[in-house]
Amino acid sequence: MIPGDVIWSYSVAGAIFAIWLAVLLRSGDWQRARGFDRLILFGPIFYAAPLAAFGTEHFTQARGIASAVPKWIPWHLFWAYFVGACFILAPLSIVTRIQARLSASLLALTFFLFVVLMDLPAWSRNPGDQFGLTLALRELSFSGGALALVATLTQRSNARRATILATIARYFVAVPALVYSFEQFTHTDHVPGVPLRPLTPAYVYGHVMWTYLAAAAYAVASILLLIGRKTRAAATLLGGTVLWLMLVVYVPIGIVERASLNRGLNFVFDTLMYGGAVLLLAGAMPREK
């Protein structure tokens, strides 16, 4: 039996995917794209669909999510519902391209506030917990992905501002990727991609090999992003690596844990959204000869 809250999250994410696919085919972007640019086109949906699923959880798991709101902020349950509604409307805006720049700007600010108000304070209480730092850096990457989308949508109207936003987004993604590379080299038995606390299940074939592969790709891509060389290729390499990990590691986990919200849906979609943020960054990086 698959619980109703899991079904709701998958359903909303599926609806966002269907809308994105219709808009993509109608726009002709897929027909015009060549090579790895077609992979970059998946950035918005890899980012938007998981976010919509998480937004749905703010309604099905409202009280549990409200408990994570800092105590000094009033109206905990209100913020759980409000953020949930925003996390559903923003993906809808991104895939339909209606007020997408405004939605992406607010998402970038929201995730940055999550880092400052919740993730970093929680990690500072136990700085020895590397997985607490992993979560903070993941939210920072989510902020960077949204900021990269803003840069892409600003390019035609204000190229200078777009360059500044893209540069900030590049560091928001590159620094976490470099830390993740080190963590994956030192903890090969944990899940790759976003190196969290759970161990890679034994039923995932060659799991240590995939972790080493991810660590190496992350190291190369993050260094190139930090020094500003071959940034579009580097971000595409990083996003492609995450997509490969999704296929060989997280899809099997999602199938086995299909009835679980925390061990299944959230686990898979967190990494998928991270890959979407990276591909959004790739789309904001300048083309090179």
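In the predicted model, the buried residues of helix α1 are D5, V6, S9, V12, A13, I16, W20 and L24. Their cover includes α2 (29-32), α4, α6 and α12 (261-284). Helix α1 itself spans residues 4-27, 24 residues in total. From its first C-alpha to its last it reaches 35 Å, close to the 34 Å expected at 1.5 Å a residue. G28 follows α1 and has a positive phi, near 85 degrees.

Two of the covering helices, α4 and α6, also pack against each other. Two packed helices are described by the angle between their axes and the distance between the axes. For α4 (residues 43-60) and α6, the angle is about 155 degrees and the axes lie 8 Å apart. The two helices are therefore roughly antiparallel. Their crossing is left-handed. On the α4 side, the contact is made by P44, I45, A48, L51, A52, G55, T56, H58 and F59. These meet A80, Y81, V83, G84, A85, F87, I88, P91, I94 and V95 of α6. By type, the contact residues divide into 15 nonpolar and 4 polar, with no charged residue.

V83 is one of the α6 residues in this contact. Helix α6 covers residues 76-96. V83 has a relative accessible area of 17% and is therefore buried, the cut-off being 20%. Apart from neighbours within four places in sequence, V83 is in contact with H58 and F114. H58 belongs to the α4 side of the helix pair. I73 lies 10 residues from V83 along the chain, and the C-alpha atoms of the two are separated by 14 Å.

Technical notes: Residues are numbered from 1 along each chain as its sequence is written. This is a predicted model: local features need pLDDT of at least 70, side-chain atom pairs count only at pLDDT 80 or more; totals for chains, interfaces and linings use all residues. Side-chain values use heavy atoms; hydrogens and water are left out. Helices (H or I, at least four residues) and strands (E, at least two) are DSSP runs, numbered from the N terminus. Buried means under 20% relative accessible area, exposed over 50%, partly exposed in between (1.4 Å probe, protein chains only). Contact means heavy atoms within 4.5 Å. Axes are lines fitted to C-alpha atoms, for helices over the stretch in contact, and angles run from 0 to 180 degrees between N-to-C directions. Angles under 35 degrees count as roughly parallel, over 145 as roughly antiparallel, 65 to 115 as roughly perpendicular and the rest as oblique. A crossing is left-handed if the near helix is turned anticlockwise from the far one by less than a right angle, and right-handed if clockwise. Ala, Val, Leu, Ile, Met, Phe, Trp, Tyr, Cys and Pro count as nonpolar, Asp, Glu, Lys and Arg as charged, and the others, Gly among them, as polar. The expected span of a helix is 1.5 Å times one less than its number of residues.
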